[in-house]
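Subject: Structure handover

Hello,

Please find the structure below, with the sequence alongside. My notes follow.

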Amino acid sequence: MTDAGREAHDAAFERIRSLRESVADGISEADYATTLATLEAMARNLGWTDKDQPEQADEPEQSTPES
């Protein structure tokens with residue numbers, strides 16, 4: 001990846017992290033985990049599989065919302 005590409009990736013990742021944080025504001029970690037698990041189960045019911053998920057190599061770890 002070029003330096004410009006890396007910068008664009010990092011900027012987009014930060015915007016996504018910030019959005020995820022604001023969306024989960026006030027939601028407990030347990031409720032957040034339950035919601036994600038439920039949505040994943042619904043996606044599987046519609047035919048989604050883990051192989052459909054893009055690789056996340058070299059991605060910063062995703063944080064969970066604070067309680």
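How many salt bridges does a search of the whole structure find? The search gives 5. Please keep in mind that this is a predicted model. I describe some of the salt bridges below, after the overall picture.

Overall picture

The protein has 67 residues, and buried residues make up 6% of them. Its secondary structure consists of 2 helices and 0 strands. Helix α1 covers residues 3-23, and helix α2 covers residues 29-45. The accessible surface of the protein is about 5800 Å². Carbon and sulfur atoms account for 54% of that surface.

T2 lies in the segment before α1. The side chain of T2 reaches the backbone nitrogen of G5, at a distance of 2.9 Å. T2 itself is exposed, as its relative accessible area is 52%.

One of the salt bridges is found here too: R6 pairs with D3, and the closest N and O atoms are 3.5 Å apart. The cut-off for a salt bridge is 4 Å, and the 3.5 Å between R6 and D3 is within it. How far apart are R6 and D3 in helix α1? They are 3 residues apart, so about one helical turn separates them. R6 is partly exposed, with a relative accessible area of 40%.

Further along helix α1

E14 forms a salt bridge with R17, with 2.6 Å between the closest N and O atoms. Both residues lie in helix α1, 3 residues apart, which is about one turn of the helix. R17 also meets E21 through its side chain in a salt bridge, at 2.8 Å from N to O. R17 and E21 are 4 residues apart in helix α1, so they too are separated by about one helical turn. Salt bridges that share partners join E14, R17 and E21 into one network. As background, side chains of opposite charge can pair when their charged atoms come close.

E21 counts as exposed, because its relative accessibility is 52%.

Helix α2 has 17 residues. From its first C-alpha to its last, α2 reaches 24 Å, close to the 24 Å expected at 1.5 Å a residue. G47 follows α2, and the phi of G47 is positive, near 110 degrees.

Which residues form a nonpolar patch on the surface? They are L36, L39 and M42, and together they have about 290 Å² of accessible area. L39 is found in helix α2. The relative accessible area of L39 is 49%, so L39 is partly exposed.

In brief

On the surface, L36, L39 and M42 form a nonpolar patch.

Regards

How values were computed:
Residues are numbered from 1 along each chain as its sequence is written. This is a predicted model: local features need pLDDT of at least 70, side-chain atom pairs count only at pLDDT 80 or more; totals for chains, interfaces and linings use all residues. Side-chain values use heavy atoms; hydrogens and water are left out. Buried means under 20% relative accessible area, exposed over 50%, partly exposed in between (1.4 Å probe, protein chains only). Accessible areas come from the Shrake-Rupley method with a 1.4 Å probe; for residues, only the protein chains shown count as cover. Patches are made of residues with over 30% relative accessible area and no salt bridge: like charges are joined within 9 Å, nonpolar side chains (Val, Leu, Ile, Met, Phe, Trp, Tyr) within 5 Å. The expected span of a helix is 1.5 Å times one less than its number of residues. A polar contact is a pair of N or O atoms within 3.5 Å; within protein, one must be able to donate a hydrogen and the other to accept it, and residues adjacent in sequence count only if both atoms are side-chain atoms.
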